[in-house]
Amino acid sequence: MGLLSKKDANLILDPLADNNPITIQVLGICSALAITAELQASVVMSISVLFVLGVGNVVISLLRNVIPSKIRIIVQLIVVATLVIVVDQVLKAFAYELSKTLAVFVGLIITNCIIMGRFEAFALGNGPWKSFLDGIGNALGYGVILIIVGFFRELLGSGTLFGIPVLGDPIAKTGLYATGYENNGFMIIPPAALIVVGIIIWVQRSRNKALIEEA
Amino acid sequence: MGLKEKLHKTKLKYQGKKMAPAFNAIHTFLYAPNETTHSGSHVRGADDLKRTMNTVIMALVPCLLFGMFNTGYQQDIAINGAPEAFSLMEHFLTWDNFWLGLITILPLVVVSYGVGLAVEFVFAVIKGHEVEEGYLVTGMLVPLIVPVDIPLWMLAVAVVFGVVIGKEVFGGTGMNILNPALTIRAFLFFAYPTWMSGDKVWVHGAVDGVTKSGTTDAISGETVLGYLAQGNTEMSYSLSDMFFGFIPGSVGETSTLLILLGGLFLIFSKIASWRIMVSAVIGALAMGLIFNGVVTAGWIPEYSKFYSLMNFEFWQHLLVGGLAFGIVYMATDPVTGSQTNRGKWIYGFLIGFLSVMIRVFNPGYPEGVFLAILLMNVFAPTIDHYVVRGNIKRRMKRLKNATIYPKTSGEVEALKTETV
């Protein structure tokens, strides 16, 4: 890549696979379970976290030399909270229905461990550009998993993608439903997300044995 | 050269190959292998895993056969109404009933075993271990705990889920936390609730809208528990119907009599734990008595939605639904249950206690027994842990209070260790 040095590119690419915040670091599980029943909500959640983590990392990185370390958590919280309120208001203004689906979970981005984790582990010790890339990378890694989980849960649970029926009409029994297929109600409930995430972790680790932790 | 010798020969060809486990599974299933013990102890118990599994399957066969007759009988009475003077030979044990049951239930058994064993084979080949016998009992239990008309593809999906997520991810037979058969049922229940509850699925043909002769009403049939959960108090089935099993329900769970006989058989062959069975029955009776007491004391008004189930005679809980079946065949699973004797008492008691509680308090889950067993499966290791800790503590106390008379002061320590 000409635009980024190899080191910088790794900041973005690592969290997408071998250092994924959800499947490897096992952070941010709460929202991954709660809002992935629909693909649309997953995408919006991913974009929100992308914004909050990207901007937040830059802000914390710029402030890193003036934040007294005793109160750094409070400062971090204020930064996240400010950004989350911005996201929340934008959603309410431009996508009201969606903001109702996401409900409290937008607000809960504040407590998403991935964000605090990146602030603590990366932004406090690196420059703004690197922090920005790290934030984008981790948010993308989070988003990828959210979208994969959302894809399977919505497809198998409701037979739709982004709310558009893709398998036919379950009531009029067209498409796949004509053969007796039925939506899987289990995929709608949050425990299903846990199992889908588990399967992703399983697949990822069986493809790359180096990721398996010592028992 | 007979098949047996041929298999012994072909085994050598497969040795060390990738498909060896798959071949060995077929080989040992058909014949005793021609191997002798190479080292170590040459004296073994005859009741190995395969024998244990086969004994449980034998105990399940009467339930399966009864289920086949009952499938036909239930459809018959749903269409033509209950016979005025019931005669076992004329109305129940008929060829028509059996044939209808056979053609509806045999596919369930075939799908359950076919899909389940296929998954086991795939995992054995990938991981390079022998195919384990663990699925033999699960495969027989699954068709017995689902409604007759469950679509076969749903059963197949659930079996794949149950065997992979319920068992293989934990390391296969003997390592699973949850009972795989119940995992399969739980998956079906939450994934396709319309096929696992209500008044349509328990009688064969009701979903397709088989109509009563002479009328346009489609047939339906409800389980006793489903009926009570809707607030009805009048019982349409007699006690003997419930005991002998002439009621709608999952395929093999209806006949309490046959389950009782199967349970006794398992106890006398020392396959299943009588402690778990007895304590689970006690637990169910205790919870039932508490609910009956609440009704008698007048703490709950008649219009309450719990009233009819709470008012249900405490001992009759054992006759309806899957409680008896669950206690005898599922709770006693040696892998997922408690291992210590005292733990078995606690584990069994809570299964019975919680089953009746879920039944009464959540009309949406009249079959609370499978949830209760799964829940206690999760807690079984915890129970065992505290039983073992308690035992250690008691013996430490005994040691502390023990009066030891040493001849010389140097012998004190030596005697102490012996007393423990």
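## Around B:Ala158

Setting aside neighbours within four places in sequence, B:Ala158 is in contact with B:Ile184, B:Phe187 and B:Leu188. Keep in mind as you look around that this is a predicted model.

B:Ala158 and B:Leu188 turn up again in the largest nonpolar core, a set of 142 residues. Along with A:Val52, B:Ala280, B:Ile327, B:Ile351 and B:Ile373, they touch the most other members of that core. In soluble globular proteins, nonpolar side chains tend to be buried together.

## Chain B as a whole

What is chain B built from, helices or strands? Chain B has 18 helices and zero strands. Of its 420 residues, 43% are buried.

Among contacts in chain B with a separation of 6 or more, 74% join residues 24 or more positions apart.

## Helix 3 against helix 12

Helix 3 (residues 49–80) and helix 12 (residues 256–268) of chain B have axes that come within 9 Å and cross at roughly 170°. Angles over 145 degrees count as roughly antiparallel, and therefore helix 3 and helix 12 of chain B are roughly antiparallel to each other.

On the helix 3 side of chain B, the contact is made by B:Val56, B:Ala59, B:Leu60, B:Pro62, B:Cys63 and B:Phe66. Helix 12 of chain B contributes B:Leu258, B:Ile259, B:Leu261, B:Gly262, B:Phe265 and B:Leu266. By class, this contact has eleven nonpolar residues, one polar residue and no charged ones.

Helix 16 of chain B runs over residues 341–361. At 1.5 Å a residue, its 21 residues should span 30 Å, and the C-alpha atoms at its ends are 30 Å apart, which agrees.

Is helix 16 of chain B largely enclosed or largely open? Since 17 of its 21 residues are buried, helix 16 of chain B is largely enclosed by the rest of the structure.

## A buried loop residue

B:Ser197 sits in the loop between helix 9 (193–196) and helix 10 (224–229) of chain B. With 21 C-beta neighbours inside 10 Å, B:Ser197 counts as buried, because the cut-off is 20 or more. B:Gly293 is 96 residues away from B:Ser197 along the chain, and their C-alpha atoms are separated by 29 Å.

## Where the chains meet

Seven residues of chain A are in contact with seven residues of chain B. The chain A side of this contact has three nonpolar, three polar and one charged residues.

Key. Residues are numbered from 1 along each chain as its sequence is written. Chains are lettered from A and ligands numbered from 1 in the order in which they are written. This is a predicted model: local features need pLDDT of at least 70, side-chain atom pairs count only at pLDDT 80 or more; totals for chains, interfaces and linings use all residues. Two residues are in contact if their C-beta atoms, placed from the backbone, lie within 7 Å. Ala, Val, Leu, Ile, Met, Phe, Trp, Tyr, Cys and Pro count as nonpolar, Asp, Glu, Lys and Arg as charged, and the others, Gly among them, as polar. Axes are lines fitted to C-alpha atoms, for helices over the stretch in contact, and angles run from 0 to 180 degrees between N-to-C directions. Helices (H or I, at least four residues) and strands (E, at least two) are DSSP runs, numbered from the N terminus. Angles under 35 degrees count as roughly parallel, over 145 as roughly antiparallel, 65 to 115 as roughly perpendicular and the rest as oblique. A residue is buried if 20 or more other C-beta atoms lie within 10 Å of its own, exposed if 12 or fewer, and partly exposed in between; C-beta atoms are placed from the backbone. The expected span of a helix is 1.5 Å times one less than its number of residues. A nonpolar core is a set of buried Ala, Val, Leu, Ile, Met, Phe, Trp, Tyr and Cys residues joined through C-beta atoms within 7 Å.
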